[in-house]
Amino acid sequence: QPPFPGGTSVDKMRRHRTKYADPISDVNPTVPVEFSRIVERLMEKAPGRRFQTAAAAREALLPWTSGDPETPLDVDPDQTEAEVVLEIERAQKDPGAFFETVPVVVFADKARKSGRLEVPEPESESREVKRPFPLWLVLIPAGLLLMCLGATITLTILYLIKA
């Protein structure tokens with residue numbers, strides 16, 4: 001199951017930024033606590049607390065493999081890739097549920113890049129979003145005014161030439 005199921009994409013991104021997911025061992029008691037700690041570290045909010053390299057994460061996860069890092073523990077090694085994909089598709093109850101498991105990129109500000117974690121409180125849902133002034137409300141009347149001015153100048157010049 002995804003760490004933050006349900007809600008809109010914005011809700012999920014907000015929860016990814018501000019809340020910690022329940023430990024896997026709480027959701028599934030058969031998952032060892034040590035493995036759950038590795039996953040928590042992978043999902044850590046503060047970059048300094050995460051694995052610093054992919055190699056470090058790989059090293060932490062290797063003891064949980066069957067010895068062959070290419071074969072996941074939940075896949076029968078005798079199955080072909082097509083059979084595995086078909087099995088996953090058949091197990092999917094809701095076709096749209098796949099999109100809840102897709103990782104969400106959270107854009108970081110300069111404070112996060114520097115290693116300081118500042119998790120803002122979620123904005124109130126009742127707060128009105130301030131939208132910028134529509135530029136077309138200025139450009140269209142200005143364009144019409146310029147066209148009228150141009151027509152006036154042209155007619156004046158034509159009148160003066162005929163006179």
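Colleague: What is the relative accessible area of D11?

Modeller: D11 has a relative accessible area of 27%, so D11 is partly exposed. (Buried means under 20%, exposed over 50% and partly exposed in between, with a 1.4 Å probe and protein chains only.) This is a predicted model, in which local features need pLDDT of at least 70 and side-chain atom pairs pLDDT 80 or more, while totals for chains, interfaces and linings use all residues. Residues are numbered from 1 along each chain as its sequence is written, and side-chain values use heavy atoms, without hydrogens and water.

Colleague: Which side chain does D11 meet in a salt bridge?

Modeller: D11 meets R14, at 4.0 Å from N to O. A salt bridge here is a side-chain nitrogen of Lys or Arg within 4 Å of a carboxyl oxygen of Asp or Glu. R14 is also partly exposed, because its relative accessible area is 23%.

Colleague: Where do R14 and D11 lie?

Modeller: Both lie in helix 1, residues 9–18, and they are 3 residues apart, about one turn of the helix. Helices are DSSP runs of H or I with at least four residues, strands are E runs of at least two, and numbering starts at the N terminus.

Colleague: How many salt bridges are there by this rule?

Modeller: The count comes to 2 salt bridges. One of them joins the side chains of E44 and R49 at 3.5 Å, N to O. E44 is buried because its relative accessible area is 15%, whereas R49 is exposed because it reaches 52%.

Colleague: A new topic: how many aromatic pairs does the rule count?

Modeller: The count is 1 aromatic pair. F35 and W64 form this pair, which is edge-to-face, with 5.5 Å centre to centre and 70° between the planes. (Rings of Phe, Tyr and Trp, the last by its six-membered ring, pair with centres within 6.5 Å; planes under 30 degrees apart are stacked, over 60 edge-to-face and the rest tilted.)

Colleague: Which parts of the chain does the pair link?

Modeller: The pair links distant parts, 29 residues apart: F35 belongs to helix 3, and W64 to the loop between helix 4 (54–61) and helix 5 (81–91). F35 is partly exposed because its relative accessible area is 25%, and W64 is partly exposed because its value is 29%.

Colleague: Which residue lies over the face of F51?

Modeller: R41 does, at 4.1 Å from the ring centre. Likewise, the charged end of K45 sits over the ring of Y20, 5.2 Å from its centre. The rule requires NZ of Lys or CZ of Arg within 6 Å of the ring centre and within 35 degrees of the ring normal.

Colleague: Finally, which helix holds L139?

Modeller: L139 is in helix 7, residues 136–162. L139 is exposed, because its relative accessible area is 51%.
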